[in-house]
Amino acid sequence: MSSEKKKGRPKIAVFKFASCDGCQLSLLDAEDELLAVVGAVEIAYFPEATRTMLKGPYDIGLVEGSVITHGDAERIQLVRRQCKTLVTIGACATAGGIQALRNWKDVDDFIRVVYASPQYISTLKLSTPIGEHVPVDFELRGCPINKLQLVELISATLAGRKPNIPTYSVCIECKRKANVCIAVARGIACLGPVTQAGCGALCPSYDRGCYGCYGPMETPNTASLTEQFRILGQSNNQIQRAFRGFNAWAWQFREASEECQRK
Amino acid sequence: MTGTTRTIKVDTLARVEGEGSLYIKLVGERVTDVKLKIFEPPRMFEAFLRDRHFSEASDITARICGICPIAYQMSAVHAIERALGLRIDPAVRLLRRLFYCGEWIESHTLHVYMLHAPDFLGYADVIEMARDHREVVEKALRLKKIGNRIVQLLGGREIHPISAAVGGFHRVPTKQQVRELVPDLEWALAASCEAVQWTSSLEFPIFEQDYEFVALRHLDEYPFNEGRLVSNRGLNIDAAEYEDHFQELHVKHSNALHSVMRGRGSYLVGPLARFNLNYDKLPAAAQEAAAKVGLQPPVKNPFRSIIVRAVELVFACAEALRVMREYEPPAAPRVEAPNRPGSGQAITEAPRGILYHRYALDENGLILSAKIIPPTSQNQRRIEDDLREYASHLVAWPLDEATWKCEQAIRNYDPCISCATHFLKLRIDRDA
């Protein structure tokens, strides 16, 4: 974050697209690790934290947010060209985010709901993940991401190794915490079986069903879970809404919600 | 044409949350144009909340802002509870105050030390500042972490917590878990008093404006979730009357709507407004900390908001301690919230100022319509008004310094641009 030369330190840049800023804030929320991380790297571009804006190329680019404007669709191409390793962080960047709910609606109707002068607003019909526009080296899931996974990812990338980030389901985390299964024992609809771990099975530990912040796990059986939800008395509309959350445009969840819509 | 025309421009405004730019045009000593452009892409939450169940609103609207998700969760659940006619357990009400204390501590510490203080001391960022003020920054990180610990305990995680629900919480902590945080908060209270001293030692530009301050006011408490909406010019209304008195305008240069008071124009929300209108409700510790540095209402210099935020840190720590010592878990974490048609409004005090939510629900509990007015869209017009006045004082300054000063003036408001569009680039034009 300084203009003085720091030879040998890898340059990190943080870019924002359509998002809530929560995932990049995770870096500032890593209070115990922050001063160590910024000692190991050079923060070359991170507008949320610094006025210093150094030109690329960058060693690692962290991209938050989805693409929803023409300008951003062009900007991501420039960002990709400037970054040796490009990592997307969070559900918006990896799956289109909650704003991808527009993808099933007429976006012009949406604009009219929110804005008095629709002609001033320019936006794309779809909210799409970064990976639909440029090749991505690693996708870090979560809404928001887990800050310890972010620190692991940065350390691994600097060390040139594969990050240790599991792709199994939330159920595994629940078992490790010795939680009683809320779906089996109490009949609560829970997306845990089809959702990637990372949160530490937070919702089931707080007596509620998982709502899918980390997106689909590596091999999700959404058809079976849909059936299970029906047995619990959930309507098609309720099941559809469950899959249409913060990772609605991830293809496995998208197909599952569209299957409910057809019924 | 009298004098030269100059423009001040900042293409990407830093240390604010979200994406925006600034453009100021000066002709001689006169400011002829100020545009705070918000190009944060429109995500249109109010549209996709339609046809979702009311129980989803607090999780969905939290995603408007990663810095103040609790504010969104609190305005959402209070508006929906009003629509459903629910009464909340007093113990839950207390816990919600504690939850908000956590967010204020985390958010104010972030802004005071990491986003705003570097401007006063001439550093590009907090990392550069840490080289000369390591101890100050380390204390700030610890203070921020304590705020986050409260949020974590009640909500499961710092960003987009998962426990807030219509009717209460999904799970409430035990007495033991809450009491365990007391020593941390005692440290935080002392650190916040130091923050008031430290911020008051900064240098402040001489700049005062005649503001209409707008904040909640509650009979017995410094406001978080309840109270009437009042101003220093006689406004005194219930949340249900908000839209009769305020209006959102759609201007071409911004993806965020500008909110104005009908017939009166711009107004100011946030720490300055709360402090000036509710000084008498601050606990003794906060009043004493303010008095020690000679800070008394009305504070009309927006640059001094950094001291007021520190005073509010003292308040939030003292209030958190009070709640922690009184806390007895409620009989149930939440009251049942049956589907029922109705509509309700609520205003709560986000760290940056008032946040208004309105929902209409059908008989199945689905949302028919939603309206959300965040603090930054309410302050947006006021920020432009400040800049119009302030930039005229900077005519003789070198362009890069004038630009930095204007950025600092924007950061007085701790703007949250993701919120307001539902960011910032600064341009100061000064062509010869």
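**View 1. Helices 3 and 4 of chain B cross.** The axes of helix 3 (residues 69-84) of chain B and helix 4 (residues 90-121) of chain B cross at roughly 155° and come within 9 Å. That makes the two helices of chain B roughly antiparallel (angle over 145 degrees). Their crossing is left-handed: the near helix is turned anticlockwise from the far one by less than a right angle. Axes are lines fitted to C-alpha atoms over the stretch in contact, with angles from 0 to 180 degrees between N-to-C directions. Helices are DSSP runs (H or I, at least four residues), numbered from the N terminus.

The model is predicted: local features need pLDDT of at least 70, side-chain atom pairs count only at pLDDT 80 or more, and totals for chains, interfaces and linings use all residues. Residues are numbered from 1 along each chain as its sequence is written, and chains are lettered from A in the order in which they are written.

**View 2. Residues meet between helices 3 and 4 of chain B.** Helix 3 of chain B brings Ile70(B), Ala71(B) and Met74(B). Helix 4 of chain B brings Arg96(B), Phe99(B), Tyr100(B) and Glu103(B). Contact requires C-beta atoms, placed from the backbone, within 7 Å. The contact divides into five nonpolar, no polar and two charged residues. Nonpolar covers Ala, Val, Leu, Ile, Met, Phe, Trp, Tyr, Cys and Pro; charged covers Asp, Glu, Lys and Arg; the others, Gly among them, are polar.

**View 3. Domain 1 touches domain 2 in chain A.** The domain assignment, automatic or from a database, gives domain 1 (11-159) and domain 2 (170-262) of chain A. The contact takes 16 residues from domain 1 of chain A and twelve from domain 2 of chain A. Helix 4 (residues 91-95) of chain A gives the most to the domain 1 side, with three residues.

Methods: Two residues are in contact if their C-beta atoms, placed from the backbone, lie within 7 Å. Angles under 35 degrees count as roughly parallel, over 145 as roughly antiparallel, 65 to 115 as roughly perpendicular and the rest as oblique.
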